[in-house]
Amino acid sequence: MSRRVLAVLGSAVLALSMAACSGDGAGSGGNGGDKPADLTIGVSMPTQTSERWIADGNAVKEKLGAKGYKVDLQYAGDDIPTQSQQVDQMITRGADVLIIAAIDGTALSGQLQAAADAKIPVIAYDRLIRDSPNVDFYVSFDNYKVGVAQASALLVGLGVQNKDGSKGTATGPFNIELFAGSLDDNNAHFFFNGAMDTLKPFIDDGTLKVKSGQTKIEQVAILRWQQEGAQKRMEDLLTSSYNDRSKVDGVLSPYDGLSRGILTALQNAGYGGANKMPVVTGQDAEIASVKLINDGVQNSTIFKDTRLLADQAVVAAEAFLQDKTPEANDTSTYNNGVKVVPSHLLPVQTVFKDEIKPILIDSGYYTAEEVAAGQAKS
């Protein structure tokens, strides 16, 4: 069992509660009298190329395993047919609950219908599954607020705004560029919308200028959140829009992996040192990016404590297994195109260099040695 999971077992799970009312429909599995050892939870994660998803899968498996449940954890390698096949197999093997972080939020309708027919509750994990009535619950963070926090961090880094939201001393104009995640990930749209709603007044009044003119999500999205894709797009932007010796002042990046690709392109173009590195945002507090923040290269990241997300997934799964309805704290925001999916949303925190110790180290998420090395111990 990993150090990080051991540190949080028996903490947030015990603090989270569930409603006592009975469930209906696809979410009624009828397992209330079974022992944990007789029940299996299928956990489908999208990829092992991101440390975040490895940590999520391991945390969910270990927390469920500590309670005595059997866990079928599968990673799909960012391949949609593979994930579809894995979920099919979980259903065939008799999973009692499914926890799914989808690669493509629209690609699992057939599997979800099969789950509903078998009365297997489905919990969408962090990524909302769309276009299906057979999603019973959603556990995630407030993804619109993630985008707001990223845009606010960009404004703070530029000096336009202070951390408390008050007006900063810098007036611009500043050249910025925008990046978004994969279009098939529902969260990418929430992140981008939250960020753009925050930045738009500053773009409209001329404080910020998107020099490339690319402001639509379809123009700035990076398929599968790939670091290489972000690096290539940043290189293209520098060649096409900054060949007049103008400088990039800031980059809105929605994920640390993309940020590292963006920073590589900028460094290769001569940014850094005396030629000040632009303000670059991020998300997920990946250890390599936390080191970059600590070293003054990346400006910030958004910390989503996935230990708490794993805890909430376990709470929701246990509620369904006990023929109860998990407690939702949002029943209006997440419409998947067919229904509003009851959700439990968790808060996020912005991490600048000064917040690394109080938020990440003091909470036990990383050690000071891991931050200094840029590598987490297993």
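A: Helices (H or I, at least four residues) and strands (E, at least two) are DSSP runs, numbered from the N terminus. This is a predicted model, in which local features need pLDDT of at least 70 and side-chain atom pairs count only at pLDDT 80 or more, while totals for chains, interfaces and linings use all residues. Residues are numbered from 1 along each chain as its sequence is written, and side-chain values use heavy atoms, with hydrogens and water left out.

Q: OK, take strand E4: which way do its residues point, and are they buried or exposed?
A: In strand E4 (residues 122–125), Val 122 and Ala 124 point one way, Ile 123 and Tyr 125 point the other way, and all are buried. In a regular strand the side chains alternate between the two faces of the sheet.

Q: What does E4 pair with?
A: Strands count as paired if DSSP finds at least two bridges between them. Strand E3 (residues 97–100) runs parallel to E4 and is joined to it by three bridges, with Ala 124 as the bridge partner of Ile 100. Three bridges also connect E4 with strand E5 (residues 137–141), again in the parallel sense, and there Tyr 138 is the bridge partner of Ala 124.

Q: And which hand does the unit of E3, H5 and E4 have?
A: E3, helix H5 (residues 109–117) and E4 form a right-handed β-α-β unit, where right-handed means that, with the strands pointing away from the viewer, the path from the first strand over the helix to the second runs clockwise.

Q: Which residues have the most contacts inside the largest nonpolar core?
A: Val 43, Leu 64, Ile 99, Ile 123 and Tyr 125 do, in a core of 29 residues. A nonpolar core here is a set of buried Ala, Val, Leu, Ile, Met, Phe, Trp, Tyr and Cys residues joined through side-chain atoms within 4.5 Å. The elements giving two or more residues to this core are strand E1 (40–45), H3, strand E2 (70–75), E3, E4, E5 and helix H12 (306–321), and H12 gives the most, with eight residues. Another core, of 24 residues, lies apart from it and includes Tyr 242, Leu 258, Tyr 271 and Val 280.

Q: Switching to the four-strand sheet, what is the strand order?
A: The order is E7-E6-E8-E9 in an open sheet with parallel pairing. E7 and strand E9 (279–280) stand at the edges with a single partner strand each, so one side of each is left without a neighbour in the sheet. Strand E8 (residues 250–252) pairs with E9 over two bridges, and Val 251 stands opposite Val 280.

Q: What about helix H11, which residues are buried there?
A: In H11 (residues 287–294) the buried residues are Ile 287, Ser 289, Val 290 and Ile 293. Viewed down the helix axis they fall within an arc of 160 degrees, so they line one face of the helix; the arc is that of the directions from the axis to the C-beta atoms. Among the elements covering them (contact means heavy atoms within 4.5 Å) are helix H3 (51–66) and helix H10 (256–268). Just after H11, Gly 296 takes a positive phi of about 80 degrees.

Q: Now charges: how many salt bridges are there?
A: The whole structure has 18 salt bridges, each being a side-chain nitrogen of Lys or Arg within 4 Å of a carboxyl oxygen of Asp or Glu. One of them joins Asp 284 and Arg 52, at 3.9 Å from N to O. That pair links distant parts of the chain, with Asp 284 in the loop between E9 and H11 and Arg 52 in helix H3, 232 residues apart.

Q: Is Asp 284 buried or exposed, and what about Arg 52?
A: Asp 284 is buried, with a relative accessible area of 11%, and Arg 52 also counts as buried, at 7% relative accessibility.

Q: Which residue forms a salt bridge with Lys 63?
A: Asp 311 does, with the closest N and O atoms 2.9 Å apart. Asp 311 lies in helix H12 and Lys 63 in helix H3, 248 residues apart, and both are buried.

Technical notes
Buried means under 20% relative accessible area, exposed over 50%, partly exposed in between (1.4 Å probe, protein chains only).
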